[in-house]
Amino acid sequence: MRKRIIAGNWKMFKLSGEAADFAEHIKEQLTASDQVEAVICPPALYLNDLLQRFETTAIKVGAQTMHDTDEGAFTGEISPAMLKDLGVQYVILGHSERRQYFNETDDTVNKKVLAAFNHHLVPIVCVGESLEQREALETVSIVSAQVEKAFQGVTAEQAKQAVIAYEPIWAIGTGKTATADDANEVCAAIRHKVETLYSTDVANAIRIQYGGSVKPENITELLSKDNIDGALVGGASLDPAAFVQLVEAGT
Ligand code: PEP
């Protein structure tokens, strides 16, 4: 039985006071659950503050990206060692905005995935097709190739811990959601890819989220599907009441 995972990706939103208010609100509302895990991925500046605020709760904290080396002359970057040292547990890797605006390729994503595992951080590996690719019926081949490249050199034991977020690019921040059946079909294809790369055991253990305009109104149907183990949520995760509803839908 896979534990569901609802992760909020705040992107570059919220000032420090707003982040603190959000944390205090959800802390009061969310109780630990065996069925669902809640993760907040704030801008890096607020990681430490949120880690402290959530210290006595089951709410986890994740980064939105990281560099792939431990240290070095990389102005502005944050290393996996620094995240681990702070107590961060998750890191989103290969988000389509990182691929689009910061030149991340499948190769950089793979290096970061390997670095995350080396530091016992759990990667949330994002894959997804563009509208053009979907219309050309290339969705499954595109996401399968992204998964294969991202997991090169990752052991079966590590892969079991990973989270994959299937995020069709055309559904991110647009208000357009894949239908629950479409999302489930692609998540099933991703799970099948993991099975061919590793084993049935790994495919049954790995958690696959859907992401793309998820909100309280559509989460229940998405989570009712066999191959969807949670959601990576952008816009709706900025509102504490909505985030609580999204997590509660997973229980
Ligand atoms: C995201 O940022 O990963 C995302 C899915 O955003 P939104 O929920 O706003 O579409």
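Biologist: What should I know about the model and its numbering?

Modeller: It is a predicted model: local features need pLDDT of at least 70, side-chain atom pairs count only at pLDDT 80 or more, and totals for chains, interfaces and linings use all residues. Residues are numbered from 1 along each chain as its sequence is written, and side-chain values use heavy atoms, with hydrogens and water left out.

Biologist: Where does UniProt put the active site?

Modeller: The unreviewed UniProt entry places "active site" at H95 and E167. UniProt positions are in the numbering used here, feature names are shortened, and annotations may be inferred rather than shown by experiment.

Biologist: What joins the side chains of E167 and H95?

Modeller: A polar contact of 3.3 Å. That term means a pair of N or O atoms within 3.5 Å; within protein, one must be able to donate a hydrogen and the other to accept it, and residues adjacent in sequence count only if both atoms are side-chain atoms.

Biologist: Is H95 buried or exposed?

Modeller: Buried, at 5% relative accessibility. E167 is buried too, with a relative accessible area of 5%. Buried means under 20% relative accessible area, exposed over 50%, partly exposed in between (1.4 Å probe, protein chains only).

Biologist: And what does H95 touch?

Modeller: Leaving out residues up to four places away in sequence, H95 touches N9, K11, C126, E167 and I172. Contact means heavy atoms within 4.5 Å. With that same exclusion, E167 touches residues including H95, C126 and I172.

Biologist: Switching to the core. Which residues touch the most other members?

Modeller: I6 and F151, of the 66 residues in the largest nonpolar core. Such a core is a set of buried Ala, Val, Leu, Ile, Met, Phe, Trp, Tyr and Cys residues joined through side-chain atoms within 4.5 Å. Apart from it lies another core of 12 residues, among them C126 and A165.

Biologist: How much space is in the largest pocket?

Modeller: About 660 Å³. It is lined by 21 residues, and the closest to its centre are M12, Q64, T65, R98 and F102. A pocket is an open set of points on a 1 Å grid over the protein atoms alone, where a 1.4 Å probe fits, with protein on both sides within 12 Å along at least five of seven lines; lining residues have an atom within 4 Å of a point. Grid points are joined across faces, edges and corners, and the volume is the space filled by probe spheres set on the points.
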